[in-house]
Amino acid sequence: MKTLIINASPRKNGNTAFLINELKRGLKGDITEISAYYDGIAPCIACDYCRENAQCSIHDKMDVIYADDFDNVVIASPVHMSNLSGPLVSIAGRLQAYYNLKRFFKNKRNIRKKEGILILTGGGDGSADCAVMSAEVMFKLLNAAHPEQNNIFSLNTDKLPASEDTEAIKKIKEIAVKLNIKINK
């Protein structure tokens with residue numbers, strides 16, 4: 001089993017990182033983690049190359065995602081202004097290449113089916129609804145099934161850090177067990 005984790009937090013030891021590490025501790029198989037902040041992924045430049053060539057003109061860490069060599073994809077982000085972090089939204093823009101595969105190339109290259117897991121952290125009194133909707137678009141483009149039970153939210157971190165959020169930790173462990181069961185099938 002191969003799992004790709006897209007970490008969209010700038011904090012290397014923050015709430016999002018804590019929950020990612022909990023998941024990684026419980027998962028079997030190969031795990032690749034990409035940082036939306038630190039891996040130098042450029043935003044889409046709207047060059048339309050992917051409309052003509054069924055691929056992106058920019059080659060950077062996004063190529064790991066485009067390789068489509070994983071069974072699970074985890075999107076992990078703090079909630080900023082009720083949405084995903086800015087660098088993650090830039091990564092979502094680069095998924096335009098996948099959209100164009102469907103629209104202009106009639107899925108000439110089949111995108112592998114995978115399981116989608118969403119981890120959101122945040123404090124304050126805003127809603128995470130916009131973040132969830134944006135992540136849903138990403139999961140759809142990545143061909144990742146994302147049932148609601150694959151959501152892990154720790155959204156009261158200004159009062160309760162993720163490291164003390166027993167519900168979120170319990171859910172992370174349950175999802176790791178569920179994904180590991182697939183290995184044995």
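**Ground rules.** I number residues from 1 along each chain as its sequence is written, and I use heavy atoms for side-chain values, leaving out hydrogens and water. In this predicted model, local features need pLDDT of at least 70 and side-chain atom pairs count only at pLDDT 80 or more, while totals for chains, interfaces and linings use all residues.

**Entry 1: strand S1.** I took helices (H or I, at least four residues) and strands (E, at least two) as DSSP runs, numbered from the N terminus. I call a residue buried under 20% relative accessible area, exposed over 50%, and partly exposed in between (1.4 Å probe, protein chains only).

Which strands does S1 pair with? I count two strands as paired if DSSP finds at least two bridges between them. S1 runs parallel to S2 (residues 30-35), with 6 bridges. There, threonine 3 sits opposite isoleucine 31. S1 is also parallel to S3 (residues 72-78), with 5 bridges. Leucine 4 has valine 73 of S3 as its bridge partner.

I then followed the chain from S1 to S2. With helix H1 (residues 15-26), the two strands form a right-handed β-α-β unit. Right-handed here means that, with the strands pointing away from the viewer, the path from the first strand over the helix to the second runs clockwise.

**Entry 2: salt bridges.** My rule was a side-chain nitrogen of Lys or Arg within 4 Å of a carboxyl oxygen of Asp or Glu. The count is 9. I looked up three of them.

Arginine 94 meets aspartate 60 at 3.0 Å, N to O. The arginine is in helix H4 (residues 86-94), and the aspartate is in the loop between H2 (49-53) and H3 (62-66), 34 residues apart.

Aspartate 71 pairs with arginine 112 at 2.7 Å, N to O. Aspartate 71 is in the loop between H3 and S3, and arginine 112 is in the loop between H5 (96-105) and S4 (114-121), so the bridge ties together parts 41 residues apart in sequence. Aspartate 71 is partly exposed at 25%. Arginine 112 is partly exposed at 32%.

Glutamate 115 and lysine 178 bring their closest N and O atoms to 3.1 Å. The pair ties S4 to helix H7 (residues 166-183), so it spans 63 residues in sequence. Glutamate 115 is buried at 10%, while lysine 178 is partly exposed at 30%. I also noted one network of salt bridges with shared partners: Lys2, Asp69, Asp71 and Arg112.

**Entry 3: histidine 146.** Histidine 146 lies in the loop between S5 (144-145) and S6 (151-154). It is buried at 11%. Its side chain makes a 2.5 Å polar contact with that of asparagine 151. By polar contact I mean N or O atoms within 3.5 Å; within protein, one must be able to donate a hydrogen and the other to accept it, and residues adjacent in sequence count only if both atoms are side-chain atoms.

Entry 4: For cysteine 56, it is that of cysteine 47, at 6.4 Å. Cysteine 50 is buried at 12%, and cysteine 56 is buried at 13%.

How values were computed
A disulfide is a pair of cysteine sulfur atoms within 2.5 Å.
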